[in-house]
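Hi there,

Here is the structure I promised to pass on to you. Have a look at it first, and then read my notes below.

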Amino acid sequence: MNINLHHLELFYYVAEAEGISNAVKVMPYAIQQPAISQQIVSLEKHLGVKLFERRPFCLTDAGRVLIAVVAPFMEKLATIEDELRDLDKQRLRLGCASLIAEHYIPQILPALMKEFPKLMPVINEIEGRSPYRELISGDLDVVISSEPLPRSKKFNYETLLTIPYRVIVKKDSPLVRNFNWSEQCLDSMNWVALQEDSYSMSLLKQEMKKHGCAPVYGALTNTISTALKYIQLGLGAGFMITPPKFLLESHDLVALNTDFLAEAEIGLAWREKDEIIDILNSFRSLARDLIMARRGDFV
């Protein structure tokens, strides 16, 4: 059976618009109502069935069967041009914290895309997910993370920056003068947790356990930016990798220097992939340059 594809297209718009006169208004090209009516009649004659009642509009059983077949194809056509053009793109799938995605990656991309005009960066904000697992599985090409490395890693890795963990409090908090790692101080505190099961919270729990305490949470979140807002609201203190100075200042917060000496590595991990190896190498070089230029944000 050879069905006229143009007739099927017209039927799709008539069914979606619920009527021939309405279809004229949504068609992607100019066509008159009589022409649509004539060609729909031709389609019905060809199929030997009635596809819809005209007044009031209502698909027949045959019409519902046909639209179920035609609609997915027509809806796919709406995006196929972009998808076909994207096939010529070189994708770089990056996973990083939202803070990095918002404040640092935009400073790398212009130079990278100038060097590789066909590049299409795909930025994934990965809080609450396992970045290295997604790297190993092939769902990401490159990751910037402070998460501890897995024991058995199947990727390349380099350290970009080492940053200490700090207690983050409001500038006007009494803790600025009085904080210490003691049962008396810790027992009276609430904490804003960056994911209760995150590595930073594990470190906090271990340290507080030494003093016979356990953290009491005033709020739980999964991004540093949100955590800083909650600390600013007075929901608790934070324990995290030292945030950039400009974020602390914009939230009227301070990072306390304590005798807790844990540090985190901000590292860049990637898998060798022949088709984007030049892009990966350039991205790594730009990331190193940016860290050196913006080192003052952290130290």
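Let's begin with the chain as a whole. Of its 299 residues, 44% count as buried. Please keep in mind that this is a predicted model, so treat everything below as computed from that prediction.

**The overall build**

The protein chain contains 13 helices and 11 strands. Its radius of gyration is 29 Å, well over the 19 Å that the globule rule gives for 299 residues, so the chain is more spread out than a compact globule. You can also see this in terms of a box: along the principal axes, the C-alpha atoms fill one of roughly 85 × 45 × 35 Å.

How do contacts link up the sequence? Taking contacts between residues at least 6 apart in sequence, 70% join residues at least 24 apart.

**Surface and charge**

The accessible surface of the protein chain comes to about 16500 Å², and carbon and sulfur atoms account for 51% of that area. As for charges, there are 33 positive and 38 negative ones, and their mean positions are 1 Å apart.

**The annotated domain**

The UniProt record, an unreviewed entry, places the feature "domain: HTH lysR-type" at residues 3-60. In the model, that stretch is 60% helix and 7% strand.

**Two residues to look up**

Start with alanine 101, which you will find in helix 5 (residues 98-103). Is alanine 101 buried or exposed? Its relative accessible area is 14%, and buried means under 20%, so alanine 101 is buried. Leaving aside residues up to four places away in sequence, alanine 101 touches Cys96, Pro106, Ile123 and Glu125.

Then move on to threonine 221, in strand 8 (residues 217-221). With a relative accessible area of 11%, threonine 221 is buried too. Which residues does threonine 221 touch, not counting those up to four places away in sequence? They are Val192, Ala193, Leu194, Gln195, Thr226, Ala227 and Tyr230.

Best wishes

Note on methods: Residues numbered from 1 in each chain as written. Predicted model: local features only at pLDDT ≥ 70, side-chain atom pairs only at ≥ 80, totals over all residues. Heavy atoms only, no water. UniProt positions renumbered as here; feature names shortened; annotations may be inferred. Helix = DSSP H or I, 4+ residues; strand = E, 2+ residues; numbered from the N terminus. Rg over C-alpha atoms; globule rule 2.2 N^0.38 Å. Buried < 20%, exposed > 50% of the residue type's maximum accessible area, 1.4 Å probe, protein only. Contact = heavy atoms within 4.5 Å. Areas by Shrake-Rupley, 256 points an atom, 1.4 Å probe, with all protein chains shown as cover. Lys, Arg positive; Asp, Glu negative; His and termini not counted. Charge placed at Lys NZ, Arg CZ, Asp CG, Glu CD.
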